[in-house]
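User: I have a protein model open and I am new to this. Can you show me how to read it, one feature at a time?

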Amino acid sequence: MPGSLWEPSPERIAQANITAFAAAIEARHGVDADSDANREALEQYRDRDELKT
């Protein structure tokens with residue numbers, strides 16, 4: 001499939017809630033929330049945490 005139909009501006013990315021969430025994860029847990037290597041670990045953490053509730 002050719003390129004994206006839409007991509008947010010850098011300003012919009014900086015102001016997005018998910019960007020703030022990633023920064024909070026990085027600060028609290030000392031991980032790079034935006035790296036591909038850590039995405040799977042974050043998903044496992046989320047899934048494990050959901051099992052507790």
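Analyst: We will take confidence, then the elements, then one residue. Keep in mind that this is a predicted model.

User: Where is confidence lowest, and where is it highest?

Analyst: Start with the general idea. Where pLDDT is low, the predicted coordinates should not be read in detail. Here the protein averages a pLDDT of 80. A score of at least 70 is reached by 81% of the residues. Helix 3 (residues 36-52) has the lowest confidence, with a mean of 71. Helix 1 (residues 10-15) has the highest, at 94.

User: How many helices and strands are there?

Analyst: The protein has three helices and zero strands. From the N terminus, the order is α-α-α.

User: What span should helix 2 have?

Analyst: Helix 2 (residues 17-29) has 13 residues, so at 1.5 Å a residue it should span 18 Å. Its end C-alpha atoms are 18 Å apart, which agrees. Just after helix 2 comes glycine 30, with a positive phi of about 65°.

User: How much of the protein is buried?

Analyst: Of the 53 residues, 8% are buried. The protein exposes about 5,000 Å², and carbon and sulfur atoms supply 54% of that area.

User: Is threonine 19 buried, exposed or partly exposed?

Analyst: Buried means under 20% relative accessible area, and exposed means over 50%. Threonine 19 has 30%, so it is partly exposed. This residue lies in helix 2.

User: Which residues does threonine 19 contact, beyond its neighbours within four places in sequence?

Analyst: Threonine 19 is in contact with Ile13 and Ala14. As for aspartate 34, 15 residues apart along the chain from threonine 19, the two C-alpha atoms are separated by 9.3 Å.

Methods:
Residues are numbered from 1 along each chain as its sequence is written. This is a predicted model: local features need pLDDT of at least 70, side-chain atom pairs count only at pLDDT 80 or more; totals for chains, interfaces and linings use all residues. Side-chain values use heavy atoms; hydrogens and water are left out. Helices (H or I, at least four residues) and strands (E, at least two) are DSSP runs, numbered from the N terminus. Buried means under 20% relative accessible area, exposed over 50%, partly exposed in between (1.4 Å probe, protein chains only). Accessible areas come from the Shrake-Rupley method with a 1.4 Å probe; for residues, only the protein chains shown count as cover. The expected span of a helix is 1.5 Å times one less than its number of residues. pLDDT is the predictor's confidence in each residue, from 0 to 100. Contact means heavy atoms within 4.5 Å.
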